[in-house]
Amino acid sequence: MEALKQVLLQLRLDPAALWLIIALPLVGAFICGVFGRMLGRANVYLIACATVAGSFLLSVSAFLAVSPLESSQAVSMENAFSTSAIRYAFGYDYGTWFSTGTFRVNFGLLVDHLSGTLLLVITGVGFLIHLYSTSYMSHDEGYWRYFAYLNLFVAAMLSLVLADNLVLLFVGWEGVGMASYLLIGFWYSDTAKAWAGRKAFVTNRIGDFAFLIATFLIVLLVSAFNSQSNTANFTLVGGNPETAQVRYREGLQMKGPVAFQGLEVFANGMHGTAEKAQGGVSLETPIAEGPLKDRTFGGVLTVALLLFLLGAAGKSAQFPLYVWLPDAMAGPTPVSALIHAATMVTAGVYLFSRMSYLLVLSPTAMVTVAIIGTITSLLAALIAFAQDDIKKVLAYSTVSQLGIMFMGVGMGIFWAAVLHLVTHAFFKACLFLGAGSVMHGNADETDIKKLGGVRHEMKQTWFTFMVATLAITGIVPLSGFFSKDAIFHGIHHNHLHGYEWASGAIYYMGLLIAACTAFYMSRVYLLTFEGKRSPEAKIPHAHESDWRMTAPLWVLATLSVVALFYALPLMPGRGGVMQPVMENFLGPVFSSAERIASRGGQVALDHSIPSLFDYLKAWVVALTGGAAAAFMYLKFFPARAGQPAPAFARSVRRFTQNKFYVDEAYEFLVIRPVKNVSAILYKLVDTLLIDTVAVRGTAWVTTRVGSALRYVQTGDAQAYAAVMALALLGGAVYALIQVLK
Amino acid sequence: MSFFDTHLLNLVVYLPLLFAALVWMLPGAERGQIRTVTFIGMLVDLVFGVWAYLRFEPGGPEFQLEYRTRWLEQLGVSYHIGADGLAISLLLLTVFLGPLVVMASQTYITERVKEFHLSLLVLQTVMLGALVSLDVLLFYIFWEAMLIPMYLLVGVWGAEDRQMAAVKFFLYTLAGSLLMLVAIVALYFISSTPGNRSFDYATIYNSLVAANSQISTCMGTGDCERLTGMAGILYRWGPWLFAAFALAFAIKVPMWPVHTWLPDAHVQAPVAGSMILAGVMLKMGTFGFWRYAIPFFPSATHQLRPFLATLAVIGIVYGALMCLAQRDIKKLIAYSSVSHLGYCMLGILALTAEGATGSAYQMLNHGVSTGALFLLFGFLYERRHTRLMSDYGGIAKVVPVYTASFLIITFSSVAVPGTNGFVGEFLVLLGTFKSSLGLAFGVLATLGVILGAAYMLWMVQKVFFGPLTHRENQGLSDLSLREFATVLPFLILVLVMGLMPQPFLDRINPSTERFVTRANLGAPGSRVQASDVRISVMGLPPAGLAAVPHSPTTGPLADRR
């Protein structure tokens with residue numbers, strides 16, 4: 001044990017080598033994509049898995065560097081924007097990416113406790129899913145393409161979490177979207193699958209549109225802050241205010257306006273109200289010049305954050321942009337597990353956690369995030385009730401769980417949202433991979449009505465799936481219970497000023513969602529694994545998958561149990577109260593948010609521990625949902641088999657099954673009009689008005705005038721002479737009149 | 001001073017012409033030789049072009065690699081060439097496309113091979129000439145000369161409706177340029193007094209500076225009717241002259257609503273024609289705005305800026321919407337050019353450092369990505385001779401390498417970060433947001449980000465994905481080695497320019513700063529000092545040194561200047 005500790009203490013990544021974490025899978029993607037077919041199946045498997053495994057080991061050593069086993073070895077890095085160092089973080093700046101005017105973006109990478117955690121999740125779960133895929137895709141011709149895309153995805157996702165500025169984050173942000181597009185449409189010969197890929201990309205692009213505008217607004221805000229702020233602002237940053245201001249300006253020159261470190265200083269330096277500002281800039285100060293003249297800092301910040309919310313809604317499948325995620329299930333199942341459950345879709349939660357210090361400046365933006373999360377979560381849970389495709393249920397469940405994370409982020413309980421992100425990655429990946437295993441063993445059957453009784457034939461899949469189901473429904477003592485409950489507890493006790501009603505309302509909605517989750521997850525589990533095998537099954541007997549598929553299941557199931565450790569209040573926190581491990585661990589990341597909140601302007605963050613009564617309440621809620629499902633699907637429906645359902649029930653069911661007709665509404669309200677408008681514009685304006693009337697019209701007029709004047713050119717000398725004489729006469733008469741006047 | 005110090009640009013410009021002479025001497029039946037000689041010519045030109053690019057010092061004087069000699073002195077013309085950061089970047093793009101265009105046409109062109117390659121070489125020379133001219137009349141000559149080989153390329157080697165398209169292209173562009181000629185002559189007379197008149201770019205600009213600054217000062221106070229002298233004339237007629245320049249350049253760009261020649265020309269042009277048209281020729285319009293229209297008439301620019309920026313934004317959105325209504329792949333790519341060039345124009349009109357640099361970079365990007373799209377589609381057209389999307393479908397399975405290349409270029413065209421398209425588009429949009437145009441322009445322009453993805457992926461979807469619907473497509477052959485070698489430089493450049501844009505931007509940035517300062521001279525009440533914006537160039541070499549080595553003639557034939 002001691003020896004292991006010594007080894008781990010030595011394993012500390014040099015900051016300059018951080019790029020390797022991204023480069024390894026990228027190289028893997030290149031090799032698999034370009035030489036994959038030459039190398040053959042085994043080599044491609046080896047390269048794809050090895051690069052991700054290598055990345056995982058590097059991530060572990062990066063993680064150990066920021067979170068050492070001995071506190072004496074804790075690293076801290078210099079902050080380019082402030083005299084105070086950043087604790088528990090390290091990073092490296094590889095120089096300019098592009099710069100012009102006063103704008104600059106650097107290739108800067110940063111690992112802190114937040115990105116370190118995500119590094120482990122991405123590469124760890126990523127590796128397991130690569131391993132799983134080697135068996136799952138063993139019959140597919142396009143294996144090399146598949147692994148190239150998968151590696152590309154991992155690289156993009158890693159650059160998303162490692163980026164130390166918004167624009168570099170955007171590279172990963174779009175990169176994962178691109179990889180997801182390629183993987184959803186992996187079986188492109190099927191038109192529907194290829195369209196699903198495009199739908200995902202374009203929907204994500206709507207979010208990216210908002211993300212870009214938000215970035216530009218942030219750039220404008222930062223430059224306004226830079227020119228209007230004074231030392232009164234920098235007293236809040238720490239250290240000598242004059243030095244802090246100089247340092248901040250230097251930072252802007254060195255790293256540009258979109259670096260997270262700079263945004264953190266900006267947020268810290270922003271006063272809440274004009275009275276407290278003592279002449280400095282506050283959220284109520286109007287901007288003095290530029291395109292945002294006369295708008296307040298707080299107002300613009302809120303708009304920017306709401307635009308980020310739209311961006312995050314695209315990536316993380318939140319209302320109103322969630323529609324692509326269920327369709328994304330067209331991709332191979334391991335892809336759904338990795339991209340559409342564990343990693344990419346959590347990017348929005350990551351983004352807001354990364355910018356928690358900006359978020360807490362705007363209660364309006366926060367409450368909107370929370371409300372959007374609630375709506376999404378409830379909507380998706382309700383739709384999940386009536387879906388029969390096992391992957392679709394899990395997809396809507398993912399949307400719903402992401403909604404819960406957004407609720408947490410919106411209400412300021414950041415650490416719990418991140419913890420739920422991690423635990424969800426474990427159990428949802430396990431569920432998806434389990435579903436994949438079920439499909440693999442049942443001739444690609446996805447309809448849960450046509451499965452049933454799989455429990456006896458696929459024992460390993462069954463057990464791990466059950467564990468993950470219990471985790472997501474929130475049964476003690478699995479991780480999902482603690483992480484979800486931590487979010488709900490935080491929602492209940494945090495307060496946003498001006499929106500005090502939100503805490504209670506969203507909390508109770510949360511309990512309802514938890515009950516719904518328990519219901520639909522139990523339904524999937526019961527219909528798939530319990531009962532008797534359906535007579536409509538494609539093959540009479542299922543077969544268990546091989547070890548490359550079951551091993552990841554076991555690991556993920558184990559992780560979804562042991563991750564509960566992070567929610568236990570074991571660490572000493574403020575005021576002698578014990579703190580959950582994760583809250584303590586992420587403390588440095590959210591310290592600015594805490595500090596800004598503790599000024600008391602916008603939000604009040606609570607740090608209490610849920611009581612036993614709270615736990616009991618959550619547990620009862622989950623059990624109620626599960627029990628209701630058990631009653632319905634084990635007793636009620638089997639007993640009524642053969643009897644037609646009442647009409648209202650059928651219409652409700654159809655309405656839910658058709659996903660509340662949201663897709664149809666978009667088709668009718670957005671897609672059709674755009675198509676029609678472009679067709680009309682093309683025919684009317686481009687072809688008719690400009691080309692035919694204006695351009696050809698000019699030519700036509702010229703031709704007509706020419707042919708009309710042609711008749712004057714008779715070639716008859718006498719006629720010419722007559723005209724000349726007449727003209728001369730006319731001129732003479734005119735001259736005479738002029739003279740006589 | 002070595003030969004290359006003074007003549008490097010001349011070499012780059014006239015090497016293609018030299019090789020054209022060589023090709024001209026070859027018998028027309030020797031197609032292989034003609035192709036090879038042309039290819040070598042373009043390759044040598046590329047080498048010299050890259051050399052010129054590398055010799056260009058980002059921190060150096062505005063115009064570098066200058067060469068000036070006496071020519072048509074009676075008119076105040078001199079032969080004067082030189083390159084600033086923008087010109088040298090576009091020059092690099094032009095010489096980069098040269099050899100690839102020849103490679104792309106190797107099997108595409110089977111008739112009149114000799115004439116075709118002659119046109120290519122001549123076109124290369126005149127395009128390069130237009131970029132590096134520092135004399136307005138010289139620029140105009142090259143500018144008009146560009147039309148002829150292009151007209152031939154479309155009209156002789158084009159598709160079925162080539163005559164119509166070629167004539168339309170020719171007349172459309174000519175109409176604009178003739179107005180510009182009027183404006184140039186007017187400017188020649190306005191800018192100086194008899195005896196001192198000159199067509200030299202720097203001379204004209206410097207003589208207008210004082211007047212321009214008077215106009216902007218008086219526009220700040222609001223009383224301009226009492227301006228006299230050159231300032232009075234310029235105040236009265238400047239907007240009209242600007243409009244004449246702007247129209248000529250806007251047609252070339254092309255901006256909405258004078259864009260309708262482009263889809264026709266692109267659709268009918270052979271692959272080489274489309275590549276050059278999209279890659280270089282359209283940039284001549286934006287280059288003209290940057291070099292001539294805006295610096296000469298900064299006040300008029302500021303008056304007409306909201307109008308032009310509106311047209312640019314309409315171009316972005318409208319061009320993208322047009323793409324969604326197309327069935328013809330080449331037409332779709334052509335309309336996407338309208339959209340992308342809208343970004344370039346918006347970036348220029350933003351008059352911010354970010355916007356203008358982004359615009360210049362976007363010009364390069366568009367040359368690379370749209371050039372490559374036309375190139376790739378040309379390969380497909382060669383195989384199937386149809387441009388309709390509905391005639392393809394599901395061909396990804398048959399031509400995987402081709403599909404992969406097309407996808408990478410598509411991602412570059414929709415500006416996925418990490419590819420070249422992103423840097424340009426991001427900077428243009430950022431510049432627009434920072435500018436005084438107003439946020440609405442930026443927001444509407446950003447809509448192009450969504451629409452771009454929608455139409456490009458829609459096209460990719462229709463052509464490559466889904467089941468293989470046409471039996472004819474089953475036997476399609478994938479890219480040959482030559483074809484792949486033609487595409488590969490584009491693929492490499494997409495990534496290099498996306499990940500390491502700074503070396504390119506470093507050369508553009510100083511030009512941008514100067515351009516923005518000069519344009520801001522026209523802002524009402526501008527505080528830009530006339531001395532900050534003056535252009536200094538090489539003087540005219542002493543008479544007789546360049547042309548006549550002996551002592552000057554006396555008597556009635558004496559030099560009377």
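Student: How far apart are the end C-alpha atoms of helix α7 of chain A, and what should the helix span?

Tutor: Helix α7 of chain A covers residues 191-228, which is 38 residues. At 1.5 Å a residue it should span 56 Å, and its end C-alpha atoms are 55 Å apart, so the two agree. The expected span is 1.5 Å times one less than the number of residues. Helices here are DSSP runs (H or I, at least four residues) and strands are runs of E (at least two), numbered from the N terminus.

Student: What kind of model is it, and how is it numbered?

Tutor: It is a predicted model: local features need pLDDT of at least 70, side-chain atom pairs count only at pLDDT 80 or more, and totals for chains, interfaces and linings use all residues. Residues are numbered from 1 along each chain as its sequence is written, and chains are lettered from A and ligands numbered from 1 in the order in which they are written.

Student: What does A:Ala429 touch?

Tutor: Not counting residues up to four places away in sequence, A:Ala429 touches A:Val125, A:Ile129, A:Ala337, A:Ala341, A:Ala342 and A:Leu556. Contact means that the two C-beta atoms, placed from the backbone, lie within 7 Å.

Student: New topic. At what angle do α4 and α5 of chain A pack?

Tutor: About 175 degrees, with the axes of α4 (residues 113-136) and α5 (residues 143-162) 10 Å apart. Axes are lines fitted to C-alpha atoms, for helices over the stretch in contact, and angles run from 0 to 180 degrees between N-to-C directions. α4(A) and α5(A) are therefore roughly antiparallel. That label needs an angle over 145 degrees; under 35 is roughly parallel, 65 to 115 roughly perpendicular, and the rest oblique.

Student: Which residues meet there?

Tutor: Among them are A:Leu118, A:Ile122 and A:Gly126 in α4(A), and A:Leu150, A:Val154 and A:Met157 in α5(A). By class, the contact has 9 nonpolar, 4 polar and no charged residues. Ala, Val, Leu, Ile, Met, Phe, Trp, Tyr, Cys and Pro count as nonpolar, Asp, Glu, Lys and Arg as charged, and the others, Gly among them, as polar.

Student: And between the chains, how many residues does each one put into the contact?

Tutor: Chain B puts in 46 residues and chain A 41. On the chain B side, α12, α14, α16, α17 and α19 each supply at least two residues. α17(B) gives the most, with 12. The side of chain B that touches chain A has 29 nonpolar, 14 polar and 3 charged residues.

Student: What about phi at B:Leu65 and B:Ala415?

Tutor: Neither is a glycine, yet phi is positive: about 55 degrees at B:Leu65 and about 60 degrees at B:Ala415. B:Leu65 is in strand β1 of chain B, and B:Ala415 is in the loop between α15 and α16 of chain B.

Student: Is B:Ala415 buried or exposed?

Tutor: Buried, because 28 other C-beta atoms lie within 10 Å. B:Leu65 is buried too, with 24.

Technical notes: Buried ≥ 20, exposed ≤ 12 C-beta atoms within 10 Å, placed from the backbone.
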